[in-house]
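Biologist: Can you walk me through this one? I'm new to reading models.
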Amino acid sequence: MLGSGEVIGKRKLHMSWDELLNHGDEPFDLSFKSVRGIHPSLTLKAAVVQACDDQDGALPDSLVDCEMTRYTDAGHAQFAEYIASETVSHLNAAVEHFQLVLDQCPTSHPDHAAALTNLAWARLEGYIRNHLQDIDTTISLFRDALALRPQRHPDRPLSLYNLTKALTWRHNKKSTAADESAQLYHELLPLCPEGTYLRSIAAGAGADYVITGCNNFPTDASDEGICLRRVVLEFCPVGHQRRLRALDELSRALSSRFTQSGDIDDLDECIQILREAVSLCPEGHTERCVFLNNLAHSLGIYRFDHQGNPNDLDEAISLLEEALRLYPVGHESRHFSLDNLGSVLVTRFNKRGARDDIARAISLYREALTLRPPGHPRRDTTLNNLASALKTRYDKLDVSEDLNEAIDLYREFLRLKGLDNPERHIYLFNLSAALCSRFTHTRKNEDAEEAIDLCQQSLEALPSLHPDRYFSYMWLQATYLSRYRVQLNPPDLSLAVENFRLASRHPTEGFPERIAEAIDWARQAEIYQHDSALEAYQTCFELFNSHVMTRSSIISRREAASAFDGARSFPVDAASCAIRRGNLPRAVELMEQGRGQQWSLVSRLRTPLEDLESTSPELARKVSELNTRLAGAQGSAGSRDRAAADRAATEYRGLTRQWEAAVAEIRNIKDFSRFLLPPAYEDVQAAARQGPVIIFIASKYSCSAIIVPTSGEPHHVPLTSISLVDLNNLKERFTRAIRNASQMNPTEPRNDLIVLLRIVWNEIMLPIVNVLENVLKLNRRSRIWLCPTAAFTSIPLHAANPFLTKADRSKEACLEDLYICSYTPTLSALVRSRQLMKKRVTPSFVAIGQGQPGAGKGKALLAVDSELELVHKLVPATASHNTVSGDAATRAGALKALEENTWVHLACHGKQDPAQPYHSHFVMRDEHVTLLDIMERDIPRAEFAFLSACHTAVGDKETPDEVIHLAAGLQFAGFKSVVGTLWEVDDSVAKHVVEAFYKYIFHPKEEGIMDCTKAAWALNCATHAVKTKVPLEQRMVFVHIGV
């Protein structure tokens, strides 16, 4: 070391050599006074390396040259005096001593950089105090010192800072450019952790100058570039004059990285930053329109394409409408807003099909093109956008003249773009798409050949994980498939399928685009009978699951579920495909994977972890904590504050990634390889342990049933005499017949219903009964479970009846004479309920009734109080039971009773919300108890619920295979056995069913046994017992769900 070493700042410390050496060989800290809230410190270890004899003048061969040491220490002493007194003679003496050291210290010497730094620091301080005029020599000395300290050298950050400080002072006095200093800060700041002394001084004097320099850099989407932008933003706190520019530069870098990598976190952060930027630009601010456009583009183009949230699209259009108003006709920047608004309107047209949107978009583009005449630097962008809009209108509305104009515009656009343009790949596959469309119309092979060649060129220009490769794959498959339709050349079909596969599995493209491609893949594979159909269905389910899992609220998941055309029928179509290929177990697995995803996603967070706890308690604890945090975060993204919703969604996604990583770790443990994966046939067959489960599949390709027996392979029952169209007609006829029956006298025959139930018996249930009796040899009065899908969910299968009289005048047996029927929304739901039965506790019974709902909530139910009294009398005296009714039957009171009791009887209005099934509800005195309220409760001790209310087991029309209804919600919350209703209940006659049911389920009452597994049998007996008192439609209305 050179004597006292190297100057690192102007902090003064007095310590004698004796004090220094008294620490022995132990390291110790030296602390300095606070600098900008930071207390600088050094950790030192002192030792005598070699004594220096002043008398003999011999130069030692050790690391320290005594003569250089004397000059260095003398220089430090003079420099310290200069700092204290500003006497120029002391400065000159310090410079002279440091120069002597440098002259004697060769370049190869390990302390040469320190010698350079000492001399440079003395000269810089003189320059700062106007005692020296030459700054260029000082900067050269600091440059030389930096060159001797390469990457990863421990003192490189200090040398970087020294050089930036000198450059900053030269800029301050001579107004030189800031670029070099900013470049040095680009490297320096990431090397200075938050809270360190070096970070504090780097952020001090000269920060504004450095911010200006950094803001002049070109956009850098690298990790280092974004790190610098973050640091620059830290230098610009709220209120700083340059904060808006810093926000802009960071948002541009994040947006650029998103387009390269597809990382949604980058885009979410970009949107949050742009929201702040817009908030800093009130009405009248010159930059407001720029940031409105940038925010709208990020929402309506990037994030909507990636996630498909319609709120983003609508918000983007609202922002762009405002931006266009700020740029009226004649404004020099109007063309920007015209172009941007046109793009988002095209996107909305693709989503919703409103002709006004596409017509207006084309009109806006044409106006923009007139404002960007030949020679305008952005004419090419509008040419491309107008061409894309025209092609879109041609594809959707078959406006034939649009296509040739689009191709001409694309060709003009490409002539304006050089071969080295970084976005050339986009324009290549855009022209390819238009040529593909024209080939389908003209069948000219040269159009197909050029389209394929253009897509292949675009792929060659892109790295393997670039998000835009998806579009090249997509248009390649479209072209190959179009040519196959015309020429029937099998290799074209194979190439189309391969590009379907590549597009739908491209990892950096957003889920909505990939799901749409997988749906189309399955559809085309079905049409052309390609072997990849099952693979396409499986891919779609996996993508759909991942997409929905990113949504942080239950309602937004349903919106995502219903957003894809054709996806509603996917589970039944996939099962039908597997059946037609002779793979019945796979058909069951696909049905189970595709149906009820709303329930399965939430149920993952309630998975019992007992087995895992015995194997890996730490992992079990980690997953349990994440489950709790995720469950708590599920509703947080539904805020009307869009910025708050964005932040909540980002936080939720981060938790989801942690959860997925923990689950992946669990799957590496022996015997846990299928933890939370879609169940295999062997897993769901456990649902049939106490009787066969019959899955009803209503697909446009075929209608059939699969019987899952207690053991062995499933059985296929083709329903050849009925089609999906027939089922939909049957469903509508049932709706009319039930409505008419409700207006009839109780004693009138229900002829319409009888006709329909005969159809259900003959065309649906009889073929199944034949297999149950003749193949499975199932005994009469055995239990069976019905699992209907799609159109089957709206048909009362349990009430199937031949309505025939035998020769001996006895009645032909109906389904409920032969078997005890229950329903289950999915096989997994039944398995889960059975698993939870292992945790039974002492039963407690509560009857909740609300016959006098508040104003506007429905008519009074006059029989509710008498029904509650009746139920109270029938409950075994040994059971704990109470009643919640009248003013006590509020939302809070009902939810509390549901959570605290194992058996529940609910008598009130029940309403199914067809537009948003999660808002389906039970009507209480004050507020509704919604399905969402129920789903948010976890009541594992619950056993049985009787829902004596209307529409409690009617599903969702938009996602019929999701079986989203009140009864299924209670089963999900923990009730293993539920009696619900399919349509409106007449409370004056329903009490007869209620009375009979409880008499049977509690028989013999004296024993006080409360067994929820008897519910299906009790309901079967009750509906038989009240035939003379209750009309047919009011007996059919009650169904049993669960164990």
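Modeller: Start with a cut-off: a residue counts as buried when its relative accessible area is under 20%. Keep in mind that this is a predicted model.

Biologist: Okay, so is Cys281 buried or exposed?
Modeller: Cys281 has 0% relative accessibility, so Cys281 counts as buried.

Biologist: And Cys105, buried or exposed?
Modeller: Buried, because its relative accessible area is 2%.

Biologist: How many disulfides are there?
Modeller: The count comes to zero. The rule asks for a pair of cysteine sulfur atoms within 2.5 Å.

Biologist: Remind me what a disulfide is?
Modeller: It is a covalent bond that joins the sulfur atoms of two cysteines.

Biologist: New topic. How much of the chain is buried?
Modeller: The chain has 1043 residues, and 56% of them are buried. Its accessible surface is about 45,100 Å². Carbon and sulfur atoms hold 50% of that surface.

Biologist: What about secondary structure?
Modeller: The chain has 43 helices and 16 strands.

Biologist: How many of the residues in helix 4 are buried?
Modeller: Helix 4 is mostly covered, with 17 of its 17 residues buried.

Biologist: What follows helix 4?
Modeller: Asn130 does, and its phi is positive, near 65 degrees.

Biologist: Last one, on contacts. What share comes from residues 24 or more positions apart?
Modeller: They account for 70% of the chain's contacts with a separation of 6 or more.

Terms used: Residues numbered from 1 in each chain as written. Predicted model: local features only at pLDDT ≥ 70, side-chain atom pairs only at ≥ 80, totals over all residues. Heavy atoms only, no water. Helix = DSSP H or I, 4+ residues; strand = E, 2+ residues; numbered from the N terminus. Buried < 20%, exposed > 50% of the residue type's maximum accessible area, 1.4 Å probe, protein only. Contact = heavy atoms within 4.5 Å. Areas by Shrake-Rupley, 256 points an atom, 1.4 Å probe, with all protein chains shown as cover.
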